[in-house]
Amino acid sequence: MLTKKTLIGASGAGADSDVFPIVLRNLFQLPMRVVTGYPGGNDLNLAMERGEIDGRCGWSWTSIVSLKRDWLVNKQIQITLQIALAKHEDLPDVPLIMDLVPDPRRDAALKLIVSRQSIARPFAAPPEVPPGRVETLRQAFDATMHDPDFLAEMRSQTLEVRPVGGAEVQNLMREIYASPPDVVKLAREILVDTP
């Protein structure tokens, strides 16, 4: 990846499939070209099958396992990097992007960009919700995440359930919003598409 020119497919500006290859190219000076305009993930997969593109970024492990497990089994694709704050237990030998950036300032900027991967689709409530009600909502969410019927339904659809607790999300959000201006500026620079 460091020397071979790579063509990466993406759906459009702001999508993970577009943002993450730009981040990789800018952080590691990869000879990567991003081709946008694919309507969705299935179109990106078809483009890979046809040889139009070499790969894609920002494809969740859950989606790969549930939709293209045969590609993994038949070694039709390689997972070369995890773009997350922590490694997935299914991918212990696949490098984590956070381990590849030794500079503390760039690491902080990358954490700002990648942190959304940790919380995926969070639930939020307005600031004036009483603390007792917030706690009740969190307990209900946690109970659902451990409900045997819910978990059985998710397994039947080959979907992962990896909940992040409300307090953990709140702490991560506080940390993100407390990022120093120079780190925010660097994160913006890393996100700029300059092929």
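In the predicted model described here, H88 lies in the loop between α4 (69-73) and α5 (104-114), where helices (H or I, at least four residues) and strands (E, at least two) are DSSP runs numbered from the N terminus. Residues are numbered from 1 along each chain as its sequence is written, and side-chain values use heavy atoms, with hydrogens and water left out. Because the model is predicted, local features need pLDDT of at least 70 and side-chain atom pairs count only at pLDDT 80 or more, whereas totals for chains, interfaces and linings use all residues.

With a relative accessible area of 9%, H88 is buried; in this scheme, buried means under 20% relative accessible area, exposed over 50%, and partly exposed in between (1.4 Å probe, protein chains only). Residues up to four places away in sequence not being counted, H88 touches W61, Q82, E160 and R162, a contact meaning heavy atoms within 4.5 Å. The side chain of H88 also reaches the backbone nitrogen of D90 at 2.9 Å, in a polar contact (a pair of N or O atoms within 3.5 Å; within protein, one must be able to donate a hydrogen and the other to accept it, and residues adjacent in sequence count only if both atoms are side-chain atoms).

K87 is found in the loop between α4 and α5 as well, and with a relative accessible area of 34% it is partly exposed. The side chain of K87 makes polar contacts with backbone oxygens: that of P92 lies 2.7 Å from a polar atom of the K87 side chain, and that of V94 is reached at 3.3 Å. Again leaving aside residues up to four places away in sequence, K87 touches Q82, P92, D93, V94, P95, L96 and D99. The C-alpha atoms of K87 and M98, which are 11 residues apart along the chain, are separated by 9.4 Å.

The loop between α4 and α5 also holds K75, which has a positive phi of about 55° although it is not a glycine, and which counts as exposed at 71% relative accessibility. A positive phi of about 55° is found for T158 too, likewise not a glycine; T158 is located in the loop between α8 (148-156) and α9 (166-177) and counts as partly exposed at 34% relative accessibility.

At the level of the whole chain, the secondary structure comes to 10 helices and three strands, which follow the pattern β-α-β-α-β-α-α-α-α-α-α-α-α when read along the sequence. The C-alpha trace spans about 55 × 45 × 30 Å along its principal axes. Of the 195 residues, 33% count as buried, and among contacts between residues at least 6 apart in sequence, 62% join residues at least 24 apart.

Nonpolar cores were defined as sets of buried Ala, Val, Leu, Ile, Met, Phe, Trp, Tyr and Cys residues joined through side-chain atoms within 4.5 Å. The largest such core has 24 residues, of which V23, L24, I83, I97, L110 and I190 touch the most other members. Helices α1 (16-28), α5 and α10 (181-191) each supply at least two residues of this core, and α1 gives the most, with five residues. Apart from this core lies another, of 13 residues, among them L44, I53, I64 and V65. Within the chain, L24 touches Q29, L30, M32, C57, L81, I83 and I97, not counting residues up to four places away in sequence.

A search of the whole structure finds two aromatic pairs, where rings of Phe, Tyr and Trp (its six-membered ring) pair if their centres lie within 6.5 Å, and planes under 30 degrees apart count as stacked, over 60 as edge-to-face and the rest as tilted. The rings of W59 and W71 have their centres 6.1 Å apart and their planes at 80°, so this pair is edge-to-face. The W59–W71 pair links distant parts of the chain, with W59 in the loop between β3 (55-56) and α3 (61-67) and W71 in helix α4, 12 residues apart. Both W59 and W71 are buried.
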